[in-house]
Every structure is written in C-alpha cells, then in structure tokens.
Amino acid sequence: MALKEYSFTLNGKPVVVRAPPAYDLLDTLRDVLGLTGTKNGCSEGECGACTVLMNGKAVHSCLTIMEQVRGADVVTIEGLASDPESQVLLRRFAEEGAVQCGYCTPGVVMASKALLMRNPMPSAEETKEALRGNLCRCTGYSKIVKAVMKGGT
Amino acid sequence: MSLSLSDVEVDSPATLTEALQLLGRSKYRVIAGGTDVLIRMRTGPIPNEKLLNIYQLDELRYIRSDGERLRIGSLTCIADIAASPEIRRFALPLAQAGDEFGSMQLTNKATIGGNLANASPSGDCIPPLYSLDAVLTVASAGGKREIPVKDFFRGYKKLDMRPEELITEISFRKMAGDEYGQYLRHTLRLGEAISVVGVSMCLKKGPTRDEYVAARIALGAVAPTVMRAPKSEEIVTQGTLDEARMRDASKAVLESISPITDVRGTGEYRREMAVNLTYRGLREIQARGRGGT
C-alpha cells in the first residue's frame with residue numbers, strides 16, 4: 001500500500017500523518033494516531049458512534065477518506081475532554097446517568113456538541129432531531145436528551 | 001464484513017477543469033460526500049479502479065437565484081439545501097426531502113449531485129426534482145450539456161451520463177405564489193431509514209376554489225426509476241379537486257408504478273402506501289390552496 005502525507009488540525013494542534021489515501025479518518029484516528037475515543041459501530045454511517053467535527057460540522061469519520069481531511073479542522077472526543085467549556089457537557093452526561101455501556105457515548109457527545117454550538121438551549125424535539133443519527137441500545141435516550149437540554153457548549 | 005480500502009488510489013483535483021481532464025484521461029469512480037460510494041466499495045467486490053475525489057471542489061457548492069430559476073451546484077450538501085430559505089420558498093418539496101433525508105452527520109456530507117448519480121430509485125432528492133421539472137448540467141472536458149431530469153434516468157441505475165462526465169449543476173424554475181408543493185415519504189422508522197415510498201408533487205392553482213390547472217406528481221422507490229404519474233396529473237386538473245377526485249387521482253398512481261418486494265416492504269404494501277401518500281399530499285395542498293398560505 002502506498003502511503004501519502006496528510007496535514008490537518010486535530011483538536012486544535014497541527015498534525016501530519018502518513019496513511020493510505022482511501023483510508024478513512026476513523027481508522028487513521030484509532031490505528032495511526034492512537035486516539036481510540038472515537039468508536040466504530042457499523043462502518044456505514046448508520047450508528048453515529050464514529051461522529052467527529054470536521055470544520056465545525058458533525059460528520060461520520062467512517063465515511064470520510066483521508067483525501068477529504070487534508071487541511072481540515074478536526075475535533076474528536078479527546079479534544080472535548082481537554083476543553084474546559086466542553087467539560088460542562090461531559091459532566092452533564094455523567095450527572096444525568098446518560099452513559100451506560102459507553103460505546104455510543106463519544107459519538108452522542110460529539111453530535112450534541114454540534115447541536116449546542118448552533119443552539120445553546122435546544123428543546124426536546126430539537127435534541128431528538130439532532131441525535132437521530134446516533135444509536136444507543138442501553139439508555140433509552142431520555143437521559144441523554146435531559147443532559148443535552150441542560151444546555152451550554 | 002467490511003473491506004479495507006487501503007490499496008485504492010485516489011486523485012483529488014483542485015479545480016473542476018482539472019477534474020474533467022483527469023476523467024477524460026482515465027477511468028475513475030467519482031467520490032463526492034462518500035456516503036454511498038464508500039459503503040458500496042466496502043461491502044462489494046472492488047473492481048480495480050481509482051477514486052476521483054471531488055469533495056474539495058468548492059466552486060460546485062452554491063445555491064444561486066438567477067432570474068426565474070434557482071441554480072444549485074452539484075456538491076451542495078443536503079443540510080445546506082434543507083437550511084436554504086430560497087429553496088424552502090421556491091422549491092418546498094426539495095427542502096422537505098432535505099428535512100427527511102437523514103441524520104445531520106449524513107446530510108452534512110451527502111451532496112445533491114451524489115444523490116442523483118447514485119441513481120437509487122429511493123433517492124429522496126429525485127422525486128422533488130421530477131416534480132420541479134429540473135434540468136441537470138453535465139460537463140466533460142469537451143463541454144457542457146443540459147438534460148431534463150426525467151431523461152437522465154433511463155432504467156435501474158442507468159444514467160444518461162458517460163464515464164468522463166460529471167453533474168455540475170441542478171436548476172429549475174422557481175415555484176410561483178400560485179404553485180403548491182409537497183414531498184412525503186414513508187419509512188419503517190423515523191431516524192435513519194431508506195424510503196419505502198416517496199411522493200413529490202407540484203400543483204398550480206386555478207382561479208376558482210379547489211381548481212388546479214397543472215400538476216406534476218412523481219413517485220420514488222416504486223419502480224426501477226422515479227416515475228411521473230401522468231394519469232393522476234390529468235385527473236387532478238380535469239375538475240374541482242374534491243374528495244372523490246383526490247381519491248381517484250391517488251388510485252391512478254397505480255398505473256405508473258411497478259414496485260418490487262424487498263426487505264423494506266412487499267410490492268403490495270408499496271402500492272397501497274403510494275396511493276395513501278399521494279392522497280395525503282393532495283389533501284395537504286388542497287388545505288393550503290384554500291387558506292392561501
């Protein structure tokens with residue numbers, strides 16, 4: 001396999017990574033960069049576990065190839081964990097018990113972050129709409145919705 | 001099980017001109033948002049082909065008002081289509097298809113041109129574009145040509161497009177104040193789902209109550225391509241659109257469709273849902289046509 005070099009911004013810092021061009025961002029994050037917070041649930045854009053922010057928008061990292069990441073600004077769950085403002089959101093997930101097995105949680109949090117960036121006080125309907133692409137098999141969603149509706153970014 | 005794409009070569013041209021030159025020189029599979037192409041490449045046998053990644057061609061991302069027409073660049077993502085006040089005002093069925101299309105992760109990436117080129121009979125943008133009588137612009141290194149959307153789809157996954165061509169623009173006449181549109185789809189669940197049936201319609205109001213003088217009705221996921229329903233359109237415009245006429249026009253869609261049975265529903269179920277959705281669309285437009293909203 002031929003590797004190419006890709007420069008982009010990851011969690012606020014410039015990175016250069018060597019990867020095959022059709023490698024997806026998810027595999028690159030996990031296997032090349034060692035950032036395993038972003039999860040692989042389905043590899044086909046159905047479950048939302050691989051959600052990251054690319055240029056401020058939530059996208060499936062499993063359906064984004066490295067050639068599309070060149071020069072982009074990517075934020076993963078690790079980026080939120082080290083951002084004081086986003087820690088409020090993470091704490092609310094913990095307080096509300098919006099986490100059970102935890103596998104979907106990074107993707108749910110990233111989708112919630114994308115919602116809160118444009119709408120800091122979403123209604124239940126707006127929250128459900130924004131999270132329609134994130135599957136969770138444990139929580140039944142209501143605690144997730146509660147956590148997100150507490151607002152903040 | 002999903003296949004690794006680590007041996008696939010990718011070219012990422014910086015401009016449309018460069019993209020068309022590359023397409024003229026060698027064989028590629030085009031990737032825009034990637035939300036259909038990557039899934040297909042991972043689950044099927046991979047023919048020995050290169051990818052032409054056009055996602056970075058920002059010159060194909062626009063929604064432009066041009067006199068009586070709206071022009072949409074083919075790489076405009078579905079989220080931008082759903083968020084556009086101009087599309088909502090002048091092409092309501094297309095905005096509604098954008099609302100229904102899928103999750104924000106999907107619609108931030110998926111493009112209108114990709115939805116057309118993927119050519120699925122259940123593609124949500126396609127019935128609205130039939131009912132808007134849209135025209136596609138297709139370009140190659142040799143030049144451009146325009147194709148009415150209804151002539152673009154020639155059969156199941158068969159397009160009037162050569163391997164060296166790209167869809168660059170979708171345009172249509174803006175709906176006027178006396179035209180009413182509606183897109184409805186039926187899915188097996190509310191979140192991420194592929195349409196079992198989709199119906200789009202644009203009706204032009206006449207001067208008297210419940211009178212409509214023109215209609216374009218198109219159905220998705222009920223035939224190898226999206227289909228217009230000429231018999232229904234005729235019935236809608238033949239007289240006052242009362243309850244009986246709405247029922248007749250809805251039933252008449254059955255003359256135009258030939259749905260298959262698959263995991264999402266039987267042919268019989270699709271036939272019934274196509275009639276019901278058409279009826280609901282007509283009812284919705286009848287109510288709005290009376291209220292003047």
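View 1. B:Ala119 sits in the loop that links α7 (112-118) and α8 (126-131) of chain B. This view, like those that follow, comes from a predicted model. Although B:Ala119 is not a glycine, its phi is positive, at about 60°. Most residues other than glycine have a negative phi. Is B:Ala119 buried or exposed? B:Ala119 has 21 other C-beta atoms within 10 Å, so it counts as buried. B:Asp210 belongs to the loop between β12 and β13 of chain B. With 16 other C-beta atoms within 10 Å, B:Asp210 is partly exposed.

**View 2. The open sheet of chain B and its edges.** Four strands make up this open sheet, in the order β11-β12-β13-β14 (chain B), and their pairing is antiparallel. Which strands stand at the edges? They are β11 (179-186) and β14 (227-228) of chain B; each has a single partner strand, so one side of each lacks a neighbour in the sheet. Look next at β14(B), which pairs with strand β13 (residues 212-220) of chain B over 2 bridges, in the antiparallel sense. Here B:Leu219 has B:Met227 of β14(B) as its bridge partner.

**View 3. Helices that pack on the sheet.** Helix α10 (residues 230-237) of chain B packs on this sheet and touches β12 (197-205), β13 and β14 of chain B. The directions of α10 and β13(B) make about 155°. Another helix, α12(B), lies across β11, β12 and β13 of chain B. It runs at about 30° to β12(B).

**View 4. Helix α11 of chain B against helix α12 of chain B.** Two packed helices are described by the angle between their axes and the distance between the axes. For helix α11 (residues 243-251) and helix α12 (residues 267-291) of chain B, the angle is about 140° and the axes are 8 Å apart. The crossing of α11(B) and α12(B) is right-handed. On the α11(B) side, the contact includes B:Met246, B:Arg247 and B:Ala249; among the residues they meet in α12(B) are B:Val275, B:Tyr279 and B:Leu282. The residues of this contact divide into 5 nonpolar, 3 polar and 3 charged.

**View 5. The largest nonpolar core.** In soluble globular proteins, nonpolar side chains tend to be buried together. The largest nonpolar core here has 134 residues, and B:Ala91 and B:Leu219 touch the most other members. Helix α4 (residues 105-118) of chain A gives the most to this core, with 7 residues. Beyond its neighbours within four places in sequence, B:Ala91 is in contact with B:Leu70, B:Leu132, B:Phe172 and B:Met175.

View 6. β6(B) and β7(B) form a hairpin, with 2 residues between them. Strand β6 (residues 135-140) of chain B runs antiparallel to β7(B), and 6 bridges join them. B:Ser140 stands opposite B:Gly143 in β7(B). How many buried residues does strand β7 (residues 143-148) of chain B have? The count is 0 among its 6 residues, and the strand is hardly covered.

**View 7. Where chain B touches chain A.** This contact takes 25 residues from chain B and 25 residues from chain A. On the side of chain B, α2 (37-43), β3 (50-53) and α6 (104-107) each supply at least two residues. The residues of that side divide into 9 nonpolar, 11 polar and 5 charged.

Key
Residues numbered from 1 in each chain as written. Chains lettered and ligands numbered in written order. Predicted model: local features only at pLDDT ≥ 70, side-chain atom pairs only at ≥ 80, totals over all residues. Axes fitted to C-alpha atoms, helices over the stretch in contact; angles between N-to-C directions. Left-handed = near helix turned anticlockwise from the far one by under 90°. Contact = placed C-beta atoms within 7 Å. Nonpolar A, V, L, I, M, F, W, Y, C, P; charged D, E, K, R; others polar. Core = buried A, V, L, I, M, F, W, Y, C linked by C-beta atoms within 7 Å. Buried ≥ 20, exposed ≤ 12 C-beta atoms within 10 Å, placed from the backbone. Pairing = 2+ DSSP bridges.
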